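Here's a quick tour for anyone meeting this structure for the first time. Take a look at the model below, and then we'll go through it piece by piece.

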Amino acid sequence: MPKYNIYRVMDFINMVGEEAVKDLFSDFSCEYKEGIHNDEVELFLKKNSVEFSKRKMSISYLVLDEQDQVAGYFTLTHKPVVVRNENLSNTSKRDC
């Protein structure tokens, strides 16, 4: 069974340096079907995750495989989600 390690982006930057992290990100590819990539997922990691983490807009976590390559990542945001009452079904409105 493969072993994975999870690091917060900012912690990993403190360990190996920002340039090394950006270089690691440059090899990341999110292929969800043969030959089809999720450009938004790739772009966020490569262009926004470090800056968003620095500005405390979100916290990104890296999932690294046994060769210390990015197997995946996930990001948690601090931005609240606003759901307007008119967008809810009648059932949901009753439950609120």
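Let's start inside helix H3, where Glu-42, Phe-44, Leu-45, Ser-49, Val-50 and Ser-53 are buried. These buried residues pack against helices H1 and H2 (18-26), and against strands S3 (36-37), S4 and S5. Keep in mind that this is a predicted model.

**More on helix H3**
- H3 covers residues 39-54, 16 residues in total. From first C-alpha to last it reaches 23 Å, close to the 22 Å expected at 1.5 Å a residue.
- There's a bend of about 55° in H3, at Asn-48.
- Where H3 starts, Asn-38 has a side-chain oxygen that comes within 3.2 Å of the backbone nitrogen of Glu-40.
- After H3 comes Lys-56, with a positive phi near 60°.

**The sheet**
- Three strands make up an open, antiparallel sheet, and their order is S1-S4-S5.
- S1 (5-8) and S5 (70-77) are the edge strands; each has a single partner strand, so one side of each has no neighbour in the sheet.
- From one strand to the next, the twist averages 20°.
- Helix H1 (residues 9-16) packs on the sheet and touches S1 and S4, with its direction at about 90° to that of S1.

**The S4 and S5 pair**
- S4 (residues 58-64) and S5 run antiparallel, joined by seven bridges.
- Tyr-61 has Phe-74 in S5 as its bridge partner, while Val-63 stands opposite Gly-72 in S5.
- The hairpin of S4 and S5 has five residues between its strands, and Asp-68 takes a positive phi near 60° there.

Key: Residues are numbered from 1 along each chain as its sequence is written. This is a predicted model: local features need pLDDT of at least 70, side-chain atom pairs count only at pLDDT 80 or more; totals for chains, interfaces and linings use all residues. Side-chain values use heavy atoms; hydrogens and water are left out. Two strands pair if DSSP finds at least two bridges between them. Helices (H or I, at least four residues) and strands (E, at least two) are DSSP runs, numbered from the N terminus. Axes are lines fitted to C-alpha atoms, for helices over the stretch in contact, and angles run from 0 to 180 degrees between N-to-C directions. Contact means heavy atoms within 4.5 Å. The expected span of a helix is 1.5 Å times one less than its number of residues. The bend at a residue is the angle between axes fitted to the seven residues ending there and the seven starting there. Buried means under 20% relative accessible area, exposed over 50%, partly exposed in between (1.4 Å probe, protein chains only). A polar contact is a pair of N or O atoms within 3.5 Å; within protein, one must be able to donate a hydrogen and the other to accept it, and residues adjacent in sequence count only if both atoms are side-chain atoms.
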